Amino acid sequence: MASSVGRCLKACLQEDPAFRAYGAFLMSSCPIAAELMARAGYGFLVIDLEHSPAGVHAALPLLQATAAAQTPALIRVPLNRPEYIKKALDLGPAGLVVPLVENADEARAAVAACCYPPRGIRGVAPPLVRASGWGLDTSYAQTCEARQLLLCQVETAGAVRAAEDILRVDGVDGIFVGPLDLSASLGHLGDPGHYEVV
């Protein structure tokens, strides 16, 4: 089940501060390409729903392909919006990358969208979704927050300045730097290797 793969990635990050994993973005909706990349030795893959042509329907076969190769997959949602976050989490990824998080308030909004009431606002449908094994994992609603990884993507100069505040938000597991948008924000569009960006 996808959530057991995800638990490993989140647990590794929580239990070992020196843990490093190298991942890649899946920009294609092709499950064969996803499985090949999952077997290439990456520690995780990110199914991109922000910049790729893939939508939520395309993410499901990509998750199935990466799970077959026992490689955790995260989903990068298009926006920090509860409806995108809910649909992505219901598919059962190892976690999410939420783009364009500018500050702690926006990070708290992402966390709330990932959590069931009373902690958050995520719509409740565990017996009906892939994340719970279509209802076979009866503990999913009680344990999913401990299993799913949440990375907030910082992509502007202001977000970088707020990174420590974002990281202090309960429920945020880490940040993910968006070098292309960050380079543009710093006045170096198209040059993510510029010394002011790096």
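Predicted model: local features only at pLDDT ≥ 70, side-chain atom pairs only at ≥ 80, totals over all residues.
I count 6 of them in an open sheet, ordered S1-S2-S3-S4-S5-S6, with parallel pairing. At the edges I find S1 (23–26) and S6 (174–177), each of which pairs on one side only.

**S1 and S2.** Phe25 sits opposite Val46 of S2. Then I checked what lies across these two strands, and it is helix H2 (residues 31–38), which runs at about 175 degrees to S1.

**S2 to S3.** S2 and S3 run parallel and are joined by 4 bridges. I looked up the partner of Asp48 and landed on Arg76 in S3. Helix H3 (residues 56–68) goes with S2 and S3 in a β-α-β unit, and I noted its hand as right-handed.

**Around S3.** Are the faces of S3 (residues 73–76) covered or open? Both are covered: I find Ala73 and Ile75 buried on one side, and Leu74 and Arg76 buried on the other.

**S3 to S4.** Moving on, I see S3 paired with S4 (residues 95–98), again parallel, over 3 bridges. Arg76 turns up here too, standing opposite Val97 in S4. To get from S3 to S4 the chain passes through helix H4 (residues 82–90), and I wrote this β-α-β crossover down as right-handed.

Notes. Residues numbered from 1 in each chain as written. Heavy atoms only, no water. Pairing = 2+ DSSP bridges. Contact = heavy atoms within 4.5 Å. Axes fitted to C-alpha atoms, helices over the stretch in contact; angles between N-to-C directions. Buried < 20%, exposed > 50% of the residue type's maximum accessible area, 1.4 Å probe, protein only. Right-handed = clockwise from strand over helix to strand, strands pointing away.
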